[in-house]
Amino acid sequence: MTLMTSTDPGPSGSLRIAPSVLAADFGELAAAVATVTPASDWLHVDVMDGHFVPNISIGPPVVSSLRRHTDLFLDCHLMITDPGEYLEAFAKAGADGVTVHAEVDGVETVLAEARALGLRVGLAVNPDSPFEAVDPYLEAVDLVLCMTVFPGFGGQSFMPEVLPKIRQVRQAIADRGLSVDLEVDGGIDATTTPLVTEAGANVLVAGSAVFGAADPAMAARGLRDAAVPMAAG
Ligand code: DX5
Ligand code: ZN
């Protein structure tokens, strides 16, 4: 038996639009996902435990339900204090990638456990955590997530003070010749997309800007159109 999932994440470093279902109608989740699917690359799933962040959202059962309704890459953002306790449950539920926060204890072990389960592995940093919080793990991850709001809630305003860190991460990825995606999450819309993509982000998470729009698929396409193409090399 294997827990490996087969959803293709696409080539590292390519532009990916990842709507966050946190902003969708949880009572109509499958329909909401179907609406954005033609315009999306990944689906971002925000998991909150009421401890690491002051909010509670969803967990493995909902990932499992989503898995039955979509072939999109399920990008699970674990805003939880003890991610290691739940990795296997997320893998079994059909998660493709898990991103854990650098601010929790035992990050190195958790990253290794996630990898051993066949998951794509990400490391997130809060807006006030420095580049140095991810620097030692760059070789051990597939993705770095620079939070552009403090995690816990959708609909917050983008924090431009995170842009220098995004540049720093992109530079380090290039300098070290790594295949690591650089994701941003929080307040991403058609106005902030040029800023984050110019700084080096290639995976754009957007909740309100997509699911809050009258036409979510068109809004997702609008993000793709607003992205600044990454310079070669
Ligand atoms: C916030 C979550 C985000 C959230 C983003 O803690 O990690 O993924 O859904 O929502 P918007 O795009 O509305 O800022
Ligand atoms: Zn998120």
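How many nonpolar, polar and charged residues does the lining of the largest cavity have, by class? I will come back to that after a word on the model, which is a predicted one, where local features need pLDDT of at least 70, side-chain atom pairs count only at pLDDT 80 or more, and totals for chains, interfaces and linings use all residues. Residues are numbered from 1 along each chain as its sequence is written, chains are lettered from A and ligands numbered from 1 in the order in which they are written, and side-chain values use heavy atoms, with hydrogens and water left out.

Let me begin with ligand 1, around which there are 20 residues (those with a heavy atom within 4 Å of it), and of these D46, G152, D185, G207 and S208 come nearest. By class, this shell has 8 nonpolar, 10 polar and 2 charged residues, where Ala, Val, Leu, Ile, Met, Phe, Trp, Tyr, Cys and Pro count as nonpolar, Asp, Glu, Lys and Arg as charged, and the others, Gly among them, as polar. At least two residues of the shell come from each of β2 (42-48), β3 (73-79) and β8 (203-206), and β2 gives the largest share, with 3 residues; strands here are DSSP runs of E of at least two residues, and helices are runs of H or I of at least four, numbered from the N terminus.

Turning to polar contacts, which are pairs of N or O atoms within 3.5 Å, we find an oxygen atom of ligand 1 at 2.4 Å from a side-chain N or O atom of S208, while a polar side-chain atom of D46 lies 2.6 Å from an oxygen atom of the ligand, and one of S20 lies 2.8 Å from an oxygen atom of it. Of the 380 Å² of accessible area that ligand 1 has on its own, the protein covers 99%, by the Shrake-Rupley method with a 1.4 Å probe.

The lining, which includes W42, F73, R120 and D142, draws two or more residues from each of β3, β4 (97-101) and β5 (120-125), and by class it has 5 nonpolar, 3 polar and 3 charged residues.

Terms used:
A polar contact is a pair of N or O atoms within 3.5 Å; within protein, one must be able to donate a hydrogen and the other to accept it, and residues adjacent in sequence count only if both atoms are side-chain atoms. On a 1 Å grid over the protein atoms alone, a cavity is a set of points where a 1.4 Å probe fits but cannot get out, and a pocket is an open set with protein on both sides within 12 Å along at least five of seven lines; lining residues have an atom within 4 Å of a point.
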